[in-house]
Amino acid sequence: MTILCVRFQLPSADEAALPALLGLLEEFTPVVQALPPDTALADLRGAERYFGRTAVELASVIRVRALALHGVDCVIGAGSGPMTARMALQEARPGLTRAVAGDEVREFLAGRPVVALPGVGTKTARTLCEYGLDTLGRVAAAPLSTLQRLVGARAGRELHEKANGVDRGRVVPNAVSRSLATERPFTRDELDPGRHRRALLSAAGELGARLRALDKVCRSLTLTVRYADRSATTRTRTLPEPTAHSAALTRTAYGLYEALGLQRARVRAIALRAEGLDAAERASHQLTFDPVDEKVRRIEEVADRARAKFGPRAVMPGTLAA
């Protein structure tokens with residue numbers, strides 16, 4: 001077990017706190033990948049040799065330091081690869097690291113629902129379940145040719161490998177400053193698609209306002225939906241053009257959500273992340289000659305000036321988009 005997946009239990013989805021917590025992980029290893037708004041992967045292969053401790057022992061030290069220095073608890077999953085660590089995190093609890101050793105991976109995966117596998121969305125899971133492949137154990141036992149007929153050649157091969165515990169992923173160091181994120185948790189597991197869309201509207205409005213305040217635009221948008229069973233689905237879409245326009249972000253967020261095909265899903269939280277940030281002055285804007293779009297952009301400018309003068313609550317994010 002050399003990879004840790006650490007989720008910091010922040011009071012709210014406050015991405016401003018994440019860089020300092022990533023710095024804590026970087027005291028142990030330079031190979032840290034941020035998964036905003038509150039999670040990170042850390043490759044501890046070098047750290048295990050340097051400190052003479054196992055990854056699970058180092059996880060305990062990380063937890064204690066996070067509490068002592070930042071007042072933040074965390075839950076940690078450990079595995080031989082990023083996929084295993086992320087799935088172990090789903091069963092982790094505060095104060096106890098969920099570790100899955102290399103020879104335990106197939107047994108650990110076998111009884112889990114196929115939707116729990118990172119990268120498997122609701123549509124793919126529904127297709128597999130229609131053919132009785134509702135657990136990863138059954139997927140692992142299915143012939144490769146069968147999976148490829150159901151979900152495609154490349155996706156079928158990747159699914160077959162992952163279900164059999166083959167984890168070819170790696171931790172890719174990145175910079176959290178290249179993204180902005182916000183999350184909308186629900187007070188109870190929410191079934192109503194209308195409330196899901198209102199959460200997306202609010203989150204996209206907030207991201208747009210934050211981007212414009214920083215004179216930034218983003219190139220892509222990532223949607224993460226967390227469910228009542230602690231699993232999550234993440235999808236990313238590249239924007240037609242780099243933007244900080246709340247209405248454009250909202251349309252993309254709605255498209256990502258509808259592509260998931262959720263039906264009576266018990267949703268615990270919805271998060272949006274703007275990625276590929278760049279200076280707004282470098283971005284080009286395609287003129288549309290749409291009076292409605294131009295009017296919305298002018299209203300955004302007025303709202304931004306109101307926030308700058310009277311504070312962030314002067315105009316609630318998301319109220320200007322449709």
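Reader: At what angle do helix H1 and helix H3 pack?
Author: This is a predicted model, in which local features need pLDDT of at least 70, side-chain atom pairs count only at pLDDT 80 or more, and totals for chains, interfaces and linings use all residues. Residues are numbered from 1 along each chain as its sequence is written, and side-chain values use heavy atoms, with hydrogens and water left out. Helices (H or I, at least four residues) are DSSP runs numbered from the N terminus, and axes are lines fitted to C-alpha atoms over the stretch in contact, with angles from 0 to 180 degrees between N-to-C directions. H1 (residues 18-26) and H3 (residues 55-70) have axes 11 Å apart, and they pack at an angle of about 140°.

Reader: Which word describes how H1 and H3 lie to each other?
Author: Angles under 35 degrees count as roughly parallel, over 145 as roughly antiparallel, 65 to 115 as roughly perpendicular and the rest as oblique. The angle here is about 140°. H1 and H3 are therefore oblique.

Reader: Which residues of H3 make the contact with H1?
Author: Contact means heavy atoms within 4.5 Å. From H1 come Ala 20, Leu 21, Leu 24 and Leu 25; from H3 come Ile 62, Arg 65, Ala 66 and His 70.

Reader: How far apart are the axes of H6 and H8?
Author: Two packed helices are described by the angle between their axes and the distance between the axes. Helix H6 (residues 122-130) and helix H8 (residues 144-151) pack at about 130°, and their axes are 10 Å apart.

Reader: Which residues of H8 does H6 touch?
Author: H6 contributes Thr 124, Thr 127 and Leu 128 to the contact. H8 contributes Leu 147, Leu 150 and Val 151.

Reader: Within what distance do the axes of H8 and H9 come?
Author: Helix H9 (residues 153-163) crosses H8 at roughly 130°, so the two are oblique to each other. Their axes come within 7 Å.

Reader: Which residues of H9 make the contact with H8?
Author: On H8 the contact uses Leu 144, Leu 147, Gln 148 and Val 151. On H9 it uses Ala 153, Ala 155, Gly 156, Arg 157, Leu 159 and His 160.

Reader: Which residue caps the N-terminal end of H10?
Author: A side-chain oxygen lies 2.9 Å from the backbone nitrogen of Gly 194.

Methods. A polar contact is a pair of N or O atoms within 3.5 Å; within protein, one must be able to donate a hydrogen and the other to accept it, and residues adjacent in sequence count only if both atoms are side-chain atoms.
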